[in-house]
Amino acid sequence: MKRRAGRTVVIGAGLAGLSAAVHLAAAGREVVVVEARDEPGGCCAVAGLGSHNFDVGPSVLTMPGLLAETFAAAGEDMDSWLPLRRLDPSYRLAFADGSHLDVVPELEAMTDHVRELCGPAEAARYRRYRDLLERMFREEWPAFIDADMTRLRSLARPLALLRLASMGGFRRLDRLAAAHLTDERLIRAHTFQALYAGMSPQRALGIYAVIAHMDTVGGVYFPRSGGMHAVPAALAALLEKLQVPILYGTRAVQVTTGGQGVTGVRLDSGEHLTATHAVMAGDRFTARSILPRGAADWRLTRPRFSPSCLVLHIALDRRPPGQAHHTLHFGRAWESTFEALERGRPQPDPSILLTCPDDDQPKLSALEPAPNLTGADWRQLRPRLEERLLGRLEELGYGDLSGRPRLVLDPPAWQRLGHTAGTPFALDHRFTQTAWFRPSGAAPRVPGLHFAGMHTAPGVGVPPVLVSGRLAARRILKETS
């Protein structure tokens, strides 16, 4: 349905909303961004603890080309707005037997690391598996990730589906990796990323091997200053140059409609912003109260949420010597830990992701996967798991950190930050919540109403939410061209 090219109101100044706003403004459209908080970022937020600032959202930045494309849409060079550096290594993987593997994106260097850890035969198998990941990524990206999934016909890509099936994309992820690799450590190195999609490697489909491709092959990046929050800060600054107002500390209370669809957005101040389009770029469940009746989506009838996490952000006196930016300490157990998580119980032997940025504020963030609020009593779990995590850090050689200043984020805290079910990872990516089966990016019964963010396709993570914003903008531009 063609609509006139009027104002678009973007609700939420997270990465998805900022992406949508930049692409629309760069195309010459009038845009206003409404943000309830006092700064941009959404999930990619920052929190202070004394003299330390902590990124309390994503810590892994992959596919920086997507950010570069966002700046380029406005005729700008990303490097002048947001200088990035590639982390070396991308991850340090520390195994329970005392061995470790530094993950780097260069083929020959990574093959050498695998050869030193696992032997020449496994190194040869790794090269073949890496080639498979690259082929799967090339197939999936245009067909299912950077693709508009708002119409049923978007699911009909038979050739792409057949090619993915032939590569093992519809096997379970752990079985796909085990069919090509034999060393358990290397299999874990290429399957733990399933948790980013809210699934265990035993339940995730092989198509999610592309997440491993994004960070093990594409590399992991980090802003040269300002932490991860520098990403939304730079996008917001770009919008300021594009003369797009961002109304901070302002809450949208109702998306208004008329006979032809969206007519505007009413704010908590009482002001009504007239508009022909609205982009809801936030949690789909907390947003229900402000959406018109026709915005309901049958895909949200029985939602399945991802597990959550317990995160300790700890202020240090000095950075641990020789520490990588990201270190993943694997536990001895594997399958049993995921089985516990799926039953809503804490993992008995969790793997822990440590983030230790190399900046002038020595700090350490420790993340442990944990059950969300749908089946766990966190009033009892919080003190026990916090004490256990501190004990694990001491066992791993980080010293007694129990007396250090720390900021703790558990599922109740995530819920207070606006994340339904107390998980910052939104809906999980089981088959029935993937691609077309994920909540739609457009409300078919409310012309002009679009969605962006983790709860719509392509899904969770920095690259997918940036894509979701671009897709929302693309739909609006197509509707009004």
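1. Aromatic pairs. This predicted model holds 12 aromatic pairs. One of them joins Phe71 and Trp81: the ring centres are 6.3 Å apart and the planes meet at 35°, so the pair counts as tilted. The two residues come from distant parts of the chain, 10 residues apart. Phe71 belongs to helix α2 (residues 64-73), and Trp81 to helix α3 (residues 78-81). Phe71 is buried, at a relative accessible area of 0%. Trp81 is partly exposed, at 24%.

2. An edge-to-face pair. Tyr91 and Phe192 have ring centres 5.6 Å apart, and their planes stand at 90°, so this pair is edge-to-face. Tyr91 is in strand β6 (residues 91-94). Phe192 is in the loop between α8 (184-189) and α9 (209-217). The pair therefore ties together parts that are 101 residues apart in sequence. Tyr91 and Phe192 are both buried.

3. Charges over rings. Two cases deserve a look. The charged end of Arg299 sits over the ring of Trp436, 4.6 Å from the ring centre. Lys363 lies over the face of Phe54, with 5.8 Å to the centre of that ring.

4. Salt bridges, starting with Glu108 and Arg127. Side chains of opposite charge can pair when their charged atoms come close. The whole structure contains 28 salt bridges. One of these is between the side chains of Glu108 and Arg127, at 3.2 Å from N to O. Glu108 is in helix α4 (residues 107-118) and Arg127 in helix α5 (residues 120-145). The pair links distant parts of the chain, 19 residues apart. Glu108 counts as partly exposed because its relative accessibility is 48%. Arg127 is also partly exposed, with a relative accessible area of 33%.

5. Asp146 and Arg474. These two form a salt bridge whose closest N and O atoms are 3.9 Å apart. What does the pair tie together? Arg474 lies in helix α14, and Asp146 in the loop between α5 and α6 (158-166), so the bridge joins parts that are 328 residues apart in sequence. The N to O distance of 3.9 Å qualifies under a cut-off of 4 Å. Arg474 is partly exposed, at 41% relative accessibility. Asp146 is buried, with a relative accessible area of 18%; the burial limit is 20%.

6. The network around Arg470. Salt bridges link Glu69, Asp146, Arg470 and Arg474 into a network. Arg470 is in helix α14 (residues 462-479). Is Arg470 buried or exposed? Arg470 counts as buried because its relative accessibility is 13%. Neighbours within four places in sequence set aside, Arg470 is in contact with Ser19, His23, Leu66, Glu69 and Asp146. Two of those contacts, Glu69 and Asp146, are also members of the network.

7. The side chains of Asp297 and Arg284 meet in a salt bridge, 3.7 Å from N to O. Both residues lie in the loop between β13 (277-280) and β14 (308-315), so the bridge ties together parts that are 13 residues apart in sequence. Asp297 and Arg284 are both buried.

8. Val9. This residue lies in strand β1 (residues 8-11). Val9 is buried, with a relative accessible area of 0%. Beyond its neighbours within four places in sequence, Val9 is in contact with Val32, Val34, Val265, Leu273, Ala275, His277, Ala278 and Val279. Val9 and Leu449 are 440 residues apart along the chain, yet their C-alpha atoms are separated by 9.9 Å.

9. A nonpolar surface patch. Which residues make the patch of about 270 Å²? Leu161, Phe170 and Phe431 make it. Phe431 is placed in the loop between α13 (411-416) and β19 (449-451). Phe431 is partly exposed, at a relative accessible area of 49%.

Key:
Residues numbered from 1 in each chain as written. Predicted model: local features only at pLDDT ≥ 70, side-chain atom pairs only at ≥ 80, totals over all residues. Heavy atoms only, no water. Patch = residues over 30% accessible without salt bridge, like charges linked within 9 Å, V, L, I, M, F, W, Y side chains within 5 Å. Areas by Shrake-Rupley, 256 points an atom, 1.4 Å probe, with all protein chains shown as cover. Helix = DSSP H or I, 4+ residues; strand = E, 2+ residues; numbered from the N terminus. Buried < 20%, exposed > 50% of the residue type's maximum accessible area, 1.4 Å probe, protein only. Phe/Tyr/Trp six-rings, centres within 6.5 Å; stacked < 30°, edge-to-face > 60°. Lys NZ or Arg CZ within 6 Å of the ring centre and 35° of its normal. Contact = heavy atoms within 4.5 Å.
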